[in-house]
Every structure is written in C-alpha cells, then in structure tokens.
Amino acid sequence: MQAEDRPIHFSSELIHAPRPLQVPALQRLYFELSQTRAAYMNTDFSPHAPPRFHSRRGRQSQSLLVFLPDRLLVAEEWVDLSFHDYLDRLETVAHRAIPLLELGAIRAQVGTVRTTFALTHFQDARAFLLERVCAQAARLAPFLSRPVAVGGLRFVLPATPEHPGNLHVTIESYQRSRNEIYVEVKGIFLNQEITADTASKLSENLKHVRGFIAQSVQPYLAQFDQPAGARD
C-alpha cells in the first residue's frame, strides 16, 4: 500500500453556545478575513439558507465557512491546499470570529479528514476489503443476491486518558477509483474551552485525527496489501 495518501476533505465544526447571527457582524468578519490568507471570495446571506463565505477554484475545489446558530463549519472540499495551510485557515477564522461574533468560547469540536490510499498489490479495492481483509470471499453472494458496489469497515473508538477525542472510522472501497481505499476519520472533542487566544488547540485536535490515519489506519491496511506469495 502506498504510504502517501490523497486527502479530499478537511473540516471542523466549532460548537459554541447558541447565538443570534447578525449580518453586520458577519460582514465585518468577512472584511477582516479578506486581509489575511484565510480570505474568501464570496458571501451568501440568502434568507433561505445559513450564511456562508465561500471560494471556488477550478472545477471542484472549494473553501466554505458556514454559520449556524450554535456552530461554525470551516471546510475544504476536494482539497487543493496542504493540511498545514488548512490548519492556518482554521486558526485564523477562529481567532477573528470568536470575538467579532461574541461566541464566548468553543465548547466542542468535530474534526473530519477524508482521504484515499492507493493499493500496491491489488487492483480492486472492493475485493481487497471484503475478501482479503474481512475474509468474506464466497460468503456474501448467496445471501445478498446482488453485487456489492461499496464494502468496508466501520469502527467507533472512545477517548482514553492517552488518546483524546472519540474517533469514528470508516474504511471503504472508493467508488471514484477502482484500486483506492477511502478513509474517513471523524474526531469528536468534547468539554473544550477554546478562546481566540487558544485557537491553536483546534489544530492540535485535528492533528490527532490526521495522525491516526497515518499511524494506525495505513499500517493496519498495509499488512494485508502484500504480494500473492506473501499472503496467508
């Protein structure tokens, strides 16, 4: 299995005590962010949807900052920037938004990383997961009676004293590429008290999510992606 992954999504939900959304304050925030590397190209204050700042690049890549009464969503879809640059954006948004919008403190964070890994010794990720990893060869078809389009694994790992955050882990065959594995890890960090001055804590939480993929998920899958002669 390839050691380097191909990230496709970074996001963080920054959860705070419910606050009314005031357009003038959002407009001031948009201006302040425009003076930084976390600038967005457009705003949307439609009455039929949550307020948002957004930028689109190319055919798919986009940056989103969505405002809900009890949270901010800072997201990158079909990412074309580095994880480091995303963390810089996340901290900048929090540092400016918390005082301007009078949010008080961020009480919880949900951080999500979605990425893919290319297989080395298998051409079909679905067969790799269902047959090699899960040992379900010839066990599914007699009962499901139809082909499996996507198959995989799901784990929920609670926080421990050594490992912060509850982790929700999804590992699936990737519909967009036959020989790639799709991985999503969502970290839920409760009982936070993050202010504008401690916004770097948001990055530390998300680094735990990213690190789990590199240090745990990739090695777990790599043990099965072996040449035919080396397989059990």
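Colleague: In which sense do strand E1 and E6 pair, and over how many bridges?
Modeller: Strand E1, which covers residues 6-15, and E6 run in the antiparallel sense and pair over nine bridges. Strands here are DSSP runs of E with at least two residues, helices are runs of H or I with at least four, and both are numbered from the N terminus. Two strands count as paired if DSSP finds at least two bridges between them.

Colleague: And what are we looking at here?
Modeller: This is a predicted model, in which local features need pLDDT of at least 70 and side-chain atom pairs count only at pLDDT 80 or more, while totals for chains, interfaces and linings use all residues. Residues are numbered from 1 along each chain as its sequence is written, and side-chain values use heavy atoms, with hydrogens and water left out.

Colleague: Which residue stands opposite Glu 13 in E6?
Modeller: That is Val 110. On E6 there is also a pairing with strand E9 (residues 180-189), again antiparallel, over ten bridges, and there Arg 114 has Glu 184 as its bridge partner.

Colleague: Is E6 enclosed or open, and why?
Modeller: Nine of the eleven residues of E6, which spans residues 108-118, are buried, so the strand is largely enclosed by the rest of the structure. Buried means under 20% relative accessible area, exposed means over 50%, and partly exposed lies in between, using a 1.4 Å probe and protein chains only.

Colleague: Changing topic: how many residues has the largest nonpolar core?
Modeller: It has 54 residues, and Leu 65, Leu 101, Phe 128, Ile 181 and Leu 221 have the most contacts inside it. Such a core is a set of buried Ala, Val, Leu, Ile, Met, Phe, Trp, Tyr and Cys residues joined through side-chain atoms within 4.5 Å. In soluble globular proteins, nonpolar side chains tend to be buried together.

Colleague: What does Leu 65 touch?
Modeller: Not counting residues up to four places away in sequence, Leu 65 touches several residues, including Leu 33, Tyr 40, Phe 53 and Val 93. Touching, or contact, means heavy atoms within 4.5 Å.

Colleague: What about helix H2: what span should its 18 residues have?
Modeller: At 1.5 Å a residue, the 18 residues of H2 (residues 83-100) should span 26 Å, and the end C-alpha atoms are 26 Å apart, which agrees. That expected span is 1.5 Å times one less than the number of residues. Among the buried residues of H2 are Phe 83, Leu 87 and Ile 98, and the buried residues of this helix pack against E1, helix H1 (23-34), E4, strand E5 (71-77), E6 and helix H5 (200-222).

Colleague: Back to Glu 13, then: with which residue does it form a salt bridge?
Modeller: Its partner is Arg 71, with the closest N and O atoms 2.7 Å apart. Glu 13 lies in strand E1 and Arg 71 in strand E5, so the pair ties together parts that are 58 residues apart in sequence. A salt bridge is a side-chain nitrogen of Lys or Arg within 4 Å of a carboxyl oxygen of Asp or Glu. Glu 13 is partly exposed at 23% relative accessible area, and Arg 71 is partly exposed at 22%.

Colleague: How many salt bridges are in the whole structure?
Modeller: A search of the whole structure finds 15. One of them joins Glu 32 to Arg 96, whose closest N and O atoms are 3.3 Å apart. Glu 32 belongs to helix H1 and Arg 96 to helix H2, so this pair ties together parts that are 64 residues apart in sequence.
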